[in-house]
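Thanks for coming. I will take one model today and go through its cavity, its aromatic rings and a few loop residues.

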Amino acid sequence: MKTNFLLFIGVFALLLTSCESDDTADIIIEDNSVTTINNGSDGGDGGVGDEAINLSGVYTSDLNLTADNEYLVTGAVLMTEGTTLNIAPGTTINVAPVGVNAYIAILQGARIVADGNAENPIVFTSNADSPGSGDWGGIVMCGRAPINSTADGSSDTSTTEVGGLSYGGNVPGDDSGVLRYVRVEYAGGAVDGNSELNGVSLYAIGNNTTIDYVQVYVGSDDGFEFFGGTVNASHLAVFGSEDDSIDWTEGYTGNLTDVYVEHTASHDKAFECDGYNTDFSNEGGYFSAPNVTNVTIVGTNDADNEAIRLRAGTQGIFTNVVISDFDEGFDLDGDMGDNPTGQGVLDGLLQAIDVTFNNVTTQVKNDTGFTFDDSDFLTGVGNGTGTDFATWGAGWAR
């Protein structure tokens, strides 16, 4: 396998500039761009032998990974504009257990085509002898779809909280590639409590991108996080994420269909849903408003745990949901100022339809400052059947 790439100081400058700043740490990517063959393993055997191909650095031409090779990611892998990371069905990509210092990023204008199938999924996993959550960063995708942390219709960009990578714009149909039949294991490395990576981080990804049959398994931060954008995603499975399993913010407006979440301990929310990023402001003047259909959430019946938290003015329609073993089903937070979550209920823009609760103490908690009945938000109690994970999720790790 031969891969051509160059490391330019100008690329680093591009990655570390932004129209919006925050107080989180950037990852300093050192001059370590290498694709090395026959170089031995690193960070634990993890099933990777002496023939492993090491991957790290900034790639300025396509990178093609095949199932007949062994791979070890030893640092940040950055695919730059105009390049494609092609990954064949059945390929396993091992990652050195160096936390947030190893991740795979698809930058604006680049694509990933990881198109597996049910018999031959593509697996990203830790190379540790005893793998665990947070061993590596995860997959980061940066697109040019709208975000509400910049002005509505603007081509301005924001930057990711890890790495300082640009994302956002005014292209709803942006195409960042394909993730299909992909499993991401033991990801979610962190710099600190404010600068973390998720299993799959989707920054301003457009609706010409395909996200289908993707599982995040045992991560230390969120499973999937949607930072604005319009991407539609289906058949998402999150098992054992220690923070939120599904998270959205910055004006996410896509569709989520067939979602399965299972907690394994006292984790955070199954869904944490923000209308905008409250660390900045809602420059775009609109709120997240996805449609979420066919959802099954399994908790652990811990005290004070919440299945779905709706806040910061988020809107959205939940349809056909089953929630089991939680203290609270839906927790609505907000105020009558910049975070009008309750107004979305009154306007019919935030609803839950056909929901079944099993061993859930409180179905709806209203902390929005607005007055409404549970029935204004929740209808069809007992009618939810959730997603058929037993069928479409057969064979996924649990």
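The largest cavity is lined by Leu55, Leu63, Leu65, Val73, Val77, Leu85 and Ile104. The elements that give two or more residues to that lining are β3 (63–65) and β4 (71–79). Strands here are DSSP runs of E with at least two residues, helices are runs of H or I with at least four residues, and both are numbered from the N terminus. A cavity is a set of points on a 1 Å grid over the protein atoms alone where a 1.4 Å probe fits but cannot get out, and lining residues have an atom within 4 Å of a point. The lining divides into seven nonpolar residues, no polar and no charged. Nonpolar covers Ala, Val, Leu, Ile, Met, Phe, Trp, Tyr, Cys and Pro; charged covers Asp, Glu, Lys and Arg; the others, Gly among them, are polar. The volume of the largest cavity is about 30 Å³, and the count is one cavity of 30 Å³ or more. Grid points are joined across faces, edges and corners, and the volume is the space filled by probe spheres set on the points.

This is a predicted model, in which local features need pLDDT of at least 70 and side-chain atom pairs count only at pLDDT 80 or more, while totals for chains, interfaces and linings use all residues. Residues are numbered from 1 along each chain as its sequence is written, and side-chain values use heavy atoms, with hydrogens and water left out.

Now the whole protein. It has four helices and 27 strands. Of its 398 residues, 58% are buried, where buried means under 20% relative accessible area, exposed over 50% and partly exposed in between, with a 1.4 Å probe and protein chains only. Among contacts (heavy atoms within 4.5 Å) between residues at least 6 apart in sequence, 71% join residues at least 24 apart.

Next, the rings. How many aromatic pairs does the count come to? The count is 19. Rings of Phe, Tyr and Trp (its six-membered ring) pair if their centres lie within 6.5 Å; planes under 30 degrees apart are stacked, over 60 edge-to-face, and the rest tilted. Trp248 and Tyr252 make a tilted pair, 6.3 Å centre to centre with 45 degrees between the planes. Trp248 has a relative accessible area of 0% and is therefore buried; Tyr252, at 0% relative accessibility, also counts as buried. Trp248 pairs with Phe271 as well, edge-to-face, at 6.3 Å centre to centre and 75 degrees between the planes. That pair links distant parts of the chain, with Trp248 in strand β20 (residues 246–249) and Phe271 in strand β22 (residues 271–274), 23 residues apart. Phe271 is buried too. Ring pairs link these residues into a cluster, which includes Phe226, Phe318, Phe330, Phe357 and Phe377.

Then the backbone. Most residues other than glycine have a negative phi. Ala204 is not a glycine, yet has a positive phi of about 55 degrees. Ala204 sits in the loop between β16 (200–203) and β17 (210–217), and is buried at a relative accessible area of 0%. Val218 has a positive phi of about 50 degrees and is in the loop between β17 and β18 (224–227).

Last, Thr150, in the loop between β10 (139–142) and β11 (158–159). Is Thr150 buried or exposed? At 6% relative accessibility, Thr150 counts as buried. Beyond its neighbours within four places in sequence, Thr150 contacts Asp156, Thr157, Glu283 and Gly284. The C-alpha atoms of Thr150 and Glu250 are separated by 9.1 Å, with the two residues 100 apart along the chain.

Note on methods:
On a 1 Å grid over the protein atoms alone, a cavity is a set of points where a 1.4 Å probe fits but cannot get out, and a pocket is an open set with protein on both sides within 12 Å along at least five of seven lines; lining residues have an atom within 4 Å of a point.
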